[in-house]
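I opened the notebook to go through this model entry by entry.

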Amino acid sequence: MEQTERINAKAAITKYWLPLILYCVAIFIQSSFPSPDIELDRFSFDKILHFLAYAGLGILFYRAYGTLRIQKNQIVLITLSILSAALYGAGDELHQSFVAGRHADGFDLLADIAGSFCGVLVFRHLTSKASHR
């Protein structure tokens, strides 16, 4: 039984936690470079990118936290996933304030929070529908 639990734990780490960690690392690395000059409607485009990136991050937190005991309490699972992605977004904005050519932006953080909120709720809705079929 103990061997099976170790295999399941390794599979959970590889399938659920490793993608989350790699995604966080990718966001950190991308935020470490100066902001690219985008001539299109920069404000809207930038906020859409933040929204989508953090929707993905919220989903990855939801999937990873779903391997823990809290999976049985959906309110806690959803709330913790959204808060974790939002806190990572706040940390990312703080990090950007120390990067030359970047700055912290409250509107970016709002887009991060909105994206994580929507991403988690849509993912939860889609996966709960799929499991009821």
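**Aromatic rings**

I began in helix 2, where Phe61 and Tyr65 sit 4 residues apart, about one turn of the helix. I number residues from 1 along each chain as its sequence is written, and I work on a predicted model, where local features need pLDDT of at least 70, side-chain atom pairs count only at pLDDT 80 or more, and totals for chains, interfaces and linings use all residues. My side-chain values use heavy atoms, with hydrogens and water left out. I take helices as DSSP runs (H or I, at least four residues), numbered from the N terminus.

I checked burial next. Both Phe61 and Tyr65 are buried, which means under 20% relative accessible area; exposed is over 50% and partly exposed lies in between (1.4 Å probe, protein chains only).

How many aromatic pairs are there? I counted 3. My rule pairs rings of Phe, Tyr and Trp (its six-membered ring) with centres within 6.5 Å; planes under 30 degrees apart are stacked, over 60 edge-to-face, and the rest tilted.

I looked up Trp17 and Tyr65 and found an edge-to-face pair, 5.8 Å centre to centre with 65° between the planes. Trp17 lies in helix 1 (residues 2-31) and Tyr65 in helix 2, so this pair ties together parts that are 48 residues apart in sequence. The accessibilities came next: Trp17 is partly exposed at 23%, whereas Tyr65 is buried at 12%. I then returned to Phe61 and Tyr65. Their ring centres are 5.5 Å apart and the planes stand at 35°, so I logged the pair as tilted. Trp17, Phe61 and Tyr65 form one aromatic cluster.

**Charged pairs**

I searched the whole structure and got 3 salt bridges. The criterion is a side-chain nitrogen of Lys or Arg within 4 Å of a carboxyl oxygen of Asp or Glu.

I noted Asp46 with Lys47 at 2.8 Å, N to O. Asp46 is buried, with 16% relative accessible area. Lys47 also counts as buried, at 12%.

I followed Lys47 to Asp105, where the salt bridge is 3.2 Å, N to O. This pair links distant parts of the chain: Lys47 is in helix 2 (residues 42-65) and Asp105 in the loop between helix 3 and helix 4 (106-131), 58 residues apart. Asp105 is buried, with a relative accessible area of 18%.

I then took Asp108, which meets Lys47 at 2.5 Å, N to O. Asp108 lies in helix 4 and Lys47 in helix 2, so the pair ties together parts 61 residues apart in sequence. Asp108 is buried at 5%. I recorded Asp46, Lys47, Asp105 and Asp108 as linked in a network of salt bridges.

**Helix 3**

I checked the length of helix 3 (residues 74-96). At 1.5 Å a residue, its 23 residues should span 33 Å, and the end C-alpha atoms are 33 Å apart, which agrees. The expected span is 1.5 Å times one less than the number of residues.

Which residues of helix 3 are buried? My list includes Leu77, Ile78, Ser81, Ile82, Gly89, Asp92 and Glu93.

I picked out Ser81, which lies in helix 3. Ser81 is buried, with a relative accessible area of 0%. What does Ser81 touch, not counting residues up to four places away in sequence? I found Gly58, Phe61, Tyr62, Tyr65 and Val120. Contact here means heavy atoms within 4.5 Å.

Definitions and conventions: Helices (H or I, at least four residues) and strands (E, at least two) are DSSP runs, numbered from the N terminus.
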